[in-house]
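Here's a protein model to look at together.

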Amino acid sequence: MFSHIKEDISVVFERDPAARTRWEILTTYPGVHALIIHRISHLIWTHRFHWIARFSSHIARWLTGIEIHPGAVIGRRVFIDHGMGVVIGETAVIGNDCTLYHGVTLGGTSWNKGKRHPTLLAGVVIGAGAKVLGPITIGAKAKIGSNAVVVKDIPDNATAVGIPARIVDQEKSRQHEDMAEKIGFSAYAVSDNMNDPMAKAIHLLIEHIAKQDAQLQTVMQQLEKLGADVDTDAEVGKAFDVNFINKIVD
């Protein structure tokens, strides 16, 4: 139990830049409180003291705003950020290193007994307000965008957004991420499927920059094939730059 609590605290430092001290995390983070109480209620549930388990989870819901059924299976180093409005159903399974934001629902679509809630494999990230419904599987390290509604399996490493959720073009998304990192910000969660004109404009700019970067690399390669010393020529070019000469004169 104590090893789990240590991991819960450590993972908050990794994923929440607002975290400052262990005492602050232990006393003010409802996601950590909900997970600690859930482990106790889940242990009680597995020993078939169902009412006590349900009552303890009900108390946890009242204290934290996070509703986790005691029958749910939750792995290690799971982080529930903010947490208000999170609902996790009885047959849900959450793998190690997953992250859930506020308003997430891992719900069912059937009144029948048996497996009726989602399974999240390791490293899944689910954005705020997303609804993952039914006995589906979300692949390892997949990302679910905010307010998405997911009713079908999502493969490993995929990003799903929208209502109903659609998988973003992974190759194109990876190119956007690489170029975004070069120019100093992350474009994650800005997808081609969004209707926001600003998001579309940002994507067009990133694509334009990526094309220019590729063209520039091609020109540099051709110059090198022709025997040009690009670095030396660039230094020589500075000598004839008006601004550079003015700096020397000043």
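Predicted model: local features only at pLDDT ≥ 70, side-chain atom pairs only at ≥ 80, totals over all residues.

Q: What makes H3 roughly antiparallel to H4?
A: The cut-off for that label is an angle over 145 degrees. With H3 and H4 at about 175°, the pair passes, so H3 counts as roughly antiparallel to H4.

Q: Which residues make the contact?
A: On the H3 side, they include Pro 30, His 33, Ala 34 and Ile 37. H4 brings, among others, Ile 52, Ala 53, Ser 56, Ser 57, Ala 60 and Thr 64.

Q: How do you know that the span of H4 is close to the expected one?
A: H4 runs over residues 50–64, which is 15 residues, and 1.5 Å a residue gives an expected 21 Å. From first C-alpha to last, H4 reaches 21 Å.

Q: Why are the buried residues of H4 said to line one face?
A: The buried ones are Ala 53, Ser 56, Ser 57, Ala 60 and Thr 64. Looking down the axis of H4, they fall within an arc of 100°, so they line one face of the helix. Their cover includes helix H3 (30–46) and strand S1 (67–68).

Q: What sits on the face of H4 turned away from its buried side?
A: Two exposed tryptophans, Trp 51 and Trp 62.

Q: Why is Glu 24 called buried?
A: Buried means under 20% relative accessible area. Glu 24 has 18%, so it gets the label. This residue lies in helix H2 (residues 22–28), and its side chain has a polar contact of 3.0 Å with that of Arg 20.

Q: What makes the link between Glu 24 and Arg 20 a polar contact?
A: The N or O atoms have to be within 3.5 Å, and this pair is at 3.0 Å.

Q: And why is His 82 called exposed?
A: The label needs over 50%; His 82 has a relative accessible area of 52%, so it qualifies. You'll find His 82 in the loop between strand S3 (79–80) and strand S4 (87–88). Its phi is positive, about 65°, although His 82 is not a glycine.

Q: Where is the cis peptide bond that ends at Pro 164?
A: It runs from Ile 163 to Pro 164, with omega near -10°. Pro 164 itself sits in the loop between strand S14 (159–161) and strand S15 (166–167).

Conventions. Residues numbered from 1 in each chain as written. Heavy atoms only, no water. Helix = DSSP H or I, 4+ residues; strand = E, 2+ residues; numbered from the N terminus. Expected span 1.5 Å × (residues − 1). Buried < 20%, exposed > 50% of the residue type's maximum accessible area, 1.4 Å probe, protein only. Arc of directions from axis to C-beta. Contact = heavy atoms within 4.5 Å. Polar contact = N/O pair within 3.5 Å; in protein donor to acceptor, adjacent residues only side chain to side chain. Axes fitted to C-alpha atoms, helices over the stretch in contact; angles between N-to-C directions. Parallel < 35°, antiparallel > 145°, perpendicular 65-115°, else oblique.
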